[in-house]
Amino acid sequence: MTAPIPAAALAVMAAAADDYRVVTPRDEQHPAGLAQTVATYLLSAGYEVRPMEDLPSGAWGGPSPATPVTADEAARHRADLLAALTDNTTPEEN
């Protein structure tokens with residue numbers, strides 16, 4: 001797993017987002033513009049912006065890919081969920 005995002009990099013990203021919101025008229029703001037501004041600020045501050053393929057699974061503390069569920073497991077989960085949704089008893093009665 002990679003190291004957490006450095007506090008200095010987070011500060012650069014926050015400054016970029018603040019500047020984007022102040023400088024860009026509200027009706028012209030969009031996610032791609034914000035992302036471009038953040039990337040530009042990071043690059044100008046000396047950070048690298050790399051594609052996700054360079055990062056291992058679960059980088060930055062995110063979840064790792066889930067193990068695929070078999071058809072039998074999915075059917076069992078659906079049956080359990082349906083039973084729970086149609087059960088009119090309270091937890092104390094079970």
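**Exercise 1. Find where confidence is lowest and where it is highest in the protein chain.**

Start with the scale: pLDDT is the predictor's confidence in each residue, from 0 to 100. Next, go through the helices: confidence is lowest in helix α3 (residues 71-86), with a mean of 71, and highest in α1, with a mean of 91. Then take the whole chain, where the mean pLDDT is 75 and 62% of the residues reach 70 or more.

Keep in mind that this is a predicted model, in which local features need pLDDT of at least 70 and side-chain atom pairs count only at pLDDT 80 or more, while totals for chains, interfaces and linings use all residues. Residues are numbered from 1 along each chain as its sequence is written, and side-chain values use heavy atoms, with hydrogens and water left out.

**Exercise 2. List the secondary structure elements of the protein chain.**

Helices (H or I, at least four residues) and strands (E, at least two) are DSSP runs, numbered from the N terminus. Counting them gives 3 helices and 0 strands. Reading from the N terminus, the order is α-α-α.

**Exercise 3. Describe how α1 and α2 pack.**

Two packed helices are described by the angle between their axes and the distance between the axes. Here, axes are lines fitted to C-alpha atoms, for helices over the stretch in contact, and angles run from 0 to 180 degrees between N-to-C directions.

Step one: helix α1 (residues 7-23) and helix α2 (residues 31-44) pack at about 135°, and their axes are 9 Å apart.

Step two: compare with the classes, in which angles under 35 degrees count as roughly parallel, over 145 as roughly antiparallel, 65 to 115 as roughly perpendicular and the rest as oblique. The pair α1 and α2 is therefore oblique.

Step three: pick out the contact residues, where contact means heavy atoms within 4.5 Å. On the α1 side they include V12, M13, A16 and Y20, and on the α2 side they include L34, T37, V38 and Y41.

**Exercise 4. Is T37 buried or exposed?**

Buried means under 20% relative accessible area, exposed over 50%, and partly exposed in between (1.4 Å probe, protein chains only). T37, which lies in helix α2, has a relative accessible area of 18%, so T37 is buried. Leaving aside neighbours within four places in sequence, T37 is in contact with A16 and Y20.

Now try A8, found in helix α1: with a relative accessibility of 46%, A8 counts as partly exposed. For the chain, buried residues make up 14% of the 94 residues.
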